[in-house]
Amino acid sequence: LAPFVYGGQDICANDGPLCSVKTLDEIYFPELQRAVQPLVGAEIPIIWHCDGNIVPIVDRLLDVGVSGLQGFQEESGVPYEEMVTLKSRWGKPLIIWGCVSVTTVLPFGSVDDVKAAVRRSFTLAGPGRGFALASTSSIMPEVPDENIDAFYQYGRQFGREFLSEHSA
């Protein structure tokens with residue numbers, strides 16, 4: 001079994017949460033905390049799928065015990081550079097899954113753009129954390145095959161080089 005739980009809800013759109021943060025604080029987050037408590041108590045990391053602009057609620061997600069994030073939508077105002085600096089409520093670096101865009105780079109970029117996004121993802125996330133190179137969401141049929149191939153092949157090649165340079 002995977003040593004983590006992957007979850008989360010699409011509770012944010014491009015401009016932020018689908019309802020007020022106050023409402024989420026009153027209704028959603030207390031119930032979320034209750035629901036994830038068995039996982040948090042058993043020290044099972046929770047990787048949260050973050051669609052849309054999660055910036056207004058990311059601190060609350062970390063407070064309930066989320067240990068990692070997946071699916072940063074930079075085009076919605078989520079700064080990947082800042083997200084990778086966040087720490088869990090226990091002070092550990094977050095587990096990061098990201099961050100090649102399925103709305104810009106993969107469908108419309110060149111192979112070189114894909115490679116640049118792969119390098120950026122590894123470099124910004126840095127060593128010393130759980131990191132998985134991933135797309136921001138599902139890769140759809142309009143993504144050219146050569147971009148999918150570059151994402152996988154270059155991700156594997158660059159990832160090995162990056163990790164071997166930073167292992168100690």
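**Figure 1. Residue C99 in strand β6 of the predicted model.** C99 is located in strand β6 of a model that is predicted. The peptide bond that leads from G98 to C99 is cis, and its omega is near 0°. Among the elements of the protein chain, β6 has the lowest mean pLDDT, 91, whereas helix α4 (residues 105-108) has the highest, 98. For the protein chain, the mean pLDDT is 93, and 99% of the residues reach 70 or more.

**Figure 2. The largest nonpolar core.** This core contains 27 residues. Within this core, I54, I57, L69 and F72 touch the most other members. At least two core residues come from each of the following elements: α1 (21-41), β4 (46-49), α2 (58-64), α3 (80-83) and β6 (95-100). The element that gives the most is α1, with 5 residues. In soluble globular proteins, nonpolar side chains tend to be buried together.

**Figure 3. The surroundings of F72.** Which residues are in contact with F72 once its neighbours within four places in sequence are left aside? The partners of F72 are C50, V78, Y80, M83, I96, W97, C99 and T136. F72 itself belongs to the largest nonpolar core. Apart from that core lies another one, of 13 residues, and its members include V102, A117, V118 and F158.

**Figure 4. The packing of helices α5 and α6.** Two packed helices are described by the angle between their axes and the distance between the axes. Helix α5 covers residues 111-125 and helix α6 covers residues 145-166. The two helices pack at an angle of about 35°, and their axes are 9 Å apart. The crossing of α5 and α6 is right-handed.

**Figure 5. The residues that join α5 and α6.** From α5, the contact involves V111, V114, K115, V118, R119, F122 and T123. These residues meet E146, N147, A150, F151, Y154, G155, F158, G159 and F162 in α6. Sorted by class, the contact of α5 with α6 has 9 nonpolar, 4 polar and 3 charged residues. V118 of α5 and F158 of α6 take part in this contact, and V118 and F158 are also among the members of the core of 13 residues.

**Figure 6. Residue E43 in the loop between α1 and β4.** E43 has its place in the loop between α1 and β4. Although E43 is not a glycine, its phi is positive, at about 60°. Is E43 buried or exposed? E43 counts as exposed because its relative accessibility is 69%, and the cut-off for exposed is over 50%.

Terms used: Residues are numbered from 1 along each chain as its sequence is written. This is a predicted model: local features need pLDDT of at least 70, side-chain atom pairs count only at pLDDT 80 or more; totals for chains, interfaces and linings use all residues. Side-chain values use heavy atoms; hydrogens and water are left out. A nonpolar core is a set of buried Ala, Val, Leu, Ile, Met, Phe, Trp, Tyr and Cys residues joined through side-chain atoms within 4.5 Å. Buried means under 20% relative accessible area, exposed over 50%, partly exposed in between (1.4 Å probe, protein chains only). Helices (H or I, at least four residues) and strands (E, at least two) are DSSP runs, numbered from the N terminus. Contact means heavy atoms within 4.5 Å. Axes are lines fitted to C-alpha atoms, for helices over the stretch in contact, and angles run from 0 to 180 degrees between N-to-C directions. A crossing is left-handed if the near helix is turned anticlockwise from the far one by less than a right angle, and right-handed if clockwise. Ala, Val, Leu, Ile, Met, Phe, Trp, Tyr, Cys and Pro count as nonpolar, Asp, Glu, Lys and Arg as charged, and the others, Gly among them, as polar. pLDDT is the predictor's confidence in each residue, from 0 to 100.
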